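I opened the notebook to go through this structure piece by piece. The entries follow the order in which I looked things up.

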Amino acid sequence: MSTKIALKFSRSNRIYRPSEPVEGKIVIESSSSISHYGISLSVNGSVNLQVRGGSAGVIESFYGAVKPITIVNKSIEVKPSGKIGSGTTEVPFTMVLKQNGEKSSERFYETFHGTDVSIQYLFTVDIARGYLYKSLSATMEVIVESDKADLLERPVSPEMAIFYITQDTQRHPLLPEIKSGGFRVTGRISTLCSLLDPISGELTVETSAVPVSSIDIHLLRVESILMGEKIVTETSLIQTTQIADGDVCRNLTLPIYVILPRLLTCPSVFAGPFSIEFKVSIVISFQSELPKLHKKSDPRTPRLWLAVETLPLELVRTR
């Protein structure tokens, strides 16, 4: 006898707001009829914090798991005890994460999958079978976005930061031929951006004695966790977008257009126990034989053949 159970939500993208009803069906496929002691549906929303060895000392690594912050934890009975017939059975359900007027100890942060900070909302269905049988269960994540009432009224016009990159703006050593020959890259890029819009801007290589190999835009996340009296911060790379491959024409304006990944970004968060911030880096790679010897190098680490300019990026959710 085999029985399969699955959660099927009304929205294929599984994106909901806290005040919206989460609707769907519990799909049960069984080769024979089964008795049960009730079908329940629960949701657990939490902020999971984890300090990893690379970003903390020995003591912090040993006590790396910080107690999760509970956002929501509720359960409802979908169906009382009874019998499920053979074949496919669909049981509809409706649950609201946050009822109107209901007070919550924590705000409903948006879903986010980070390195040290993870914000998840998990729905779990349980079919109780009694002591002689193993309970049947299935879990699926829904994506939570901010309520419309909490969003900014007007669309955000991107704030542009003007940058210029030269051999004198670099805080790390450069190859002698790059340092002595000199270069100048100028442009502008958005530092305040709606999650629905791309990071935009433009860039111009005005001069460069050494040929350019590539120009990339790095999207970085900065996760901070409060551990006792210490704040542990780790910066990690989310994605890289190449805007130029090979040596580019001088004084040619190149567009910057970076689409934000949904699960790996969220509105910038500054909470008591943790914070989630973002940065954007413009990385200029110059032609050299050295990159072939460091193929697995960390892209966040400044190298002799790289010029980097990093700017803070604030992300917001708009209507």
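**Entry 1: strand E13 and its neighbours**

In which sense do E13 and strand E20 pair, and over how many bridges? I noted first that the model is a predicted one. E13 and E20, which covers residues 306-316, pair in the parallel sense over three bridges. I looked up a bridge partner in E20 and found glutamate 314 for leucine 192.

I then went through the antiparallel neighbours. Strand E12, residues 159-166, pairs with E13 in the antiparallel sense, with eight bridges. Threonine 166 stands opposite arginine 184 of E13. Strand E14, residues 199-208, also pairs with E13 in the antiparallel sense, here over seven bridges. In that pairing I found glycine 187 opposite leucine 203 of E14.

E13 runs over residues 183-194, and ten of its twelve residues are buried, so the strand is largely enclosed by the rest of the structure.

**Entry 2: aromatic pairs**

How many aromatic pairs does a search of the whole structure find? The search gives seven. The pair I wrote down at this point is phenylalanine 108 with tyrosine 121, which is stacked, with 6.2 Å centre to centre and 10° between the planes. This pair links distant parts of the chain, 13 residues apart: phenylalanine 108 is in the loop between strand E8 (87-96) and strand E9 (112-113), and tyrosine 121 is in strand E10. I read a relative accessibility of 11% for phenylalanine 108, which therefore counts as buried. Tyrosine 121 has 0% and counts as buried as well.

Then I looked at phenylalanine 183 and phenylalanine 286, an aromatic pair that is tilted, at 4.9 Å centre to centre and 55° between the planes. Phenylalanine 183 belongs to strand E13 and phenylalanine 286 to strand E19 (residues 274-286), so this pair ties together parts that are 103 residues apart in sequence. I have both phenylalanine 183 and phenylalanine 286 down as buried.

I also noted one aromatic cluster, formed by Phe9, Tyr16, Phe93 and Phe123.

**Entry 3: cysteines**

How many disulfides does the count come to? I took a disulfide to need two cysteine sulfur atoms within 2.5 Å. By that rule the count is zero. Cysteine 193 is buried, with a relative accessible area of 1%. Cysteine 266 is buried too, with a relative accessible area of 1%.

**Entry 4: a nonpolar patch on the surface**

Which residues form a nonpolar patch on the surface? I found Tyr131, Leu132 and Tyr133, with about 520 Å² of accessible area together. Leucine 132 sits in the loop between strand E10 (117-127) and strand E11 (136-144).

**Entry 5: positive phi angles**

I kept in mind that most residues other than glycine have a negative phi. Arginine 14 is not a glycine, yet has a positive phi of about 55°. I located arginine 14 in the loop between strand E1 (3-9) and strand E2 (15-16). Its relative accessible area is 27%, so arginine 14 is partly exposed. I also looked up the separation of arginine 14 from methionine 140, which is 126 residues away along the chain. Their C-alpha atoms are separated by 9.6 Å.

Asparagine 251 also has a positive phi, about 65°, although it is not a glycine. Where does asparagine 251 lie? I placed asparagine 251 in the loop between strand E16 (230-245) and strand E17 (253-258). Asparagine 251 counts as exposed, at 57% relative accessibility.

Methods. Residues numbered from 1 in each chain as written. Predicted model: local features only at pLDDT ≥ 70, side-chain atom pairs only at ≥ 80, totals over all residues. Heavy atoms only, no water. Buried < 20%, exposed > 50% of the residue type's maximum accessible area, 1.4 Å probe, protein only. Helix = DSSP H or I, 4+ residues; strand = E, 2+ residues; numbered from the N terminus. Pairing = 2+ DSSP bridges. Patch = residues over 30% accessible without salt bridge, like charges linked within 9 Å, V, L, I, M, F, W, Y side chains within 5 Å. Areas by Shrake-Rupley, 256 points an atom, 1.4 Å probe, with all protein chains shown as cover. Salt bridge = Lys/Arg side-chain N within 4 Å of Asp/Glu carboxyl O. Phe/Tyr/Trp six-rings, centres within 6.5 Å; stacked < 30°, edge-to-face > 60°.
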